[in-house]
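Please look over the model shown here before reading on. The points that follow are meant to be checked against it one at a time.

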Amino acid sequence: MLVIGIAGGSASGKTTVVKRLIDSLPQDSFSVLSQDAYYWDNGNLLPEEKKKINFDHPDAIEWNLMVEHLDKLIHGETIPMPQYTYSTCSRSKEVTMVKPSDVIIVEGILIFNNKELCKRMNIKVFVDADSDDRLMRKIIRDIEERGRDLNEVLHHYTAFVKPMHEQFIEPTKRMADIIVPQGGNNMIAIDILSSRIKMYLGR
């Protein structure tokens, strides 16, 4: 089993890299474990309290459950991955059943901050992008998908995203085996990684 960790800043293009990798692989060959599914359930908080949640700090993630689920996948067990909704800051009662496969992709901005997850990764990939590009993507995404207005996005970026990126995410670039500049637009890097996976799969 090959475990690939894909990290990088918020709106750096990680999801695009993962999608393009998946599109290049046989359908039955991969499973995806997303860090975003493992945010603590804060649905009971008041609206004003929810606005203060720092989604870019390692403490926002239920790491023990994520590591437990990765271990189960590695040992051939299907896991019930949570479903998290940013607009309500809560987990759904429904879960996503993730089956084990030859390649497990672990994706998220903070995954390289957890030593136990890193121990289980065979390849670590950091998706890199300029801060201006990430901010523009984040503005569009947070307004369209997370129900925030422009002022909320900019406040969230300056109060949480930028300082947390500098403290927790950017330093983990040094841990990467592969750095993918330009995010999901770097087809050469994606093709190289895809070829390495196919070589492992023997397909």
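**Notes on the model**

1. In the hairpin of β3 and β4, where 4 residues lie between the strands, Cys-89 has a positive phi near 55 degrees. Strand β3 (residues 79-85) and strand β4 (residues 90-98) pair in the antiparallel sense over 6 bridges, and Pro-80 stands opposite Met-97 in β4. Strands here are DSSP runs of E with at least two residues, helices are runs of H or I with at least four residues, and both are numbered from the N terminus; two strands pair if DSSP finds at least two bridges between them.

2. The model is a predicted one, in which local features need pLDDT of at least 70 and side-chain atom pairs count only at pLDDT 80 or more, while totals for chains, interfaces and linings use all residues. Residues are numbered from 1 along each chain as its sequence is written, and side-chain values use heavy atoms, with hydrogens and water left out.

3. An open sheet is formed by 5 strands in the order β2-β5-β1-β6-β7, with parallel pairing. Its edge strands, each pairing on one side only, are β2 (30-34) and β7 (178-180), and the twist averages 20 degrees from one strand to the next. Within this sheet, β2 runs parallel to strand β5 (residues 103-107) and is joined to β5 by 5 bridges; Ser-34 stands opposite Glu-107 in β5.

4. Helix α1 packs on the sheet, where α1 touches β1 (2-8), β2, β5 and β6 (123-127), and the direction of α1 makes about 150 degrees with that of β1. Contact means heavy atoms within 4.5 Å, and angles run from 0 to 180 degrees between N-to-C directions, with axes fitted to C-alpha atoms, for helices over the stretch in contact.

5. The axes of helix α1 (residues 14-24) and helix α7 (residues 187-201) come within 10 Å and cross at roughly 45 degrees. The two helices are therefore oblique to each other, a word kept for angles that are not under 35 degrees (roughly parallel), over 145 (roughly antiparallel) or 65 to 115 (roughly perpendicular). Among the residues that meet here are Val-17 and Leu-21 in α1, and Ile-190 and Leu-193 in α7.

6. The salt bridges come to 11, counting each case of a side-chain nitrogen of Lys or Arg within 4 Å of a carboxyl oxygen of Asp or Glu. One to look at joins the side chains of Lys-119 and Glu-116 (3.0 Å, N to O); both residues lie in helix α4 (residues 115-119), 3 residues apart, about one turn of the helix.
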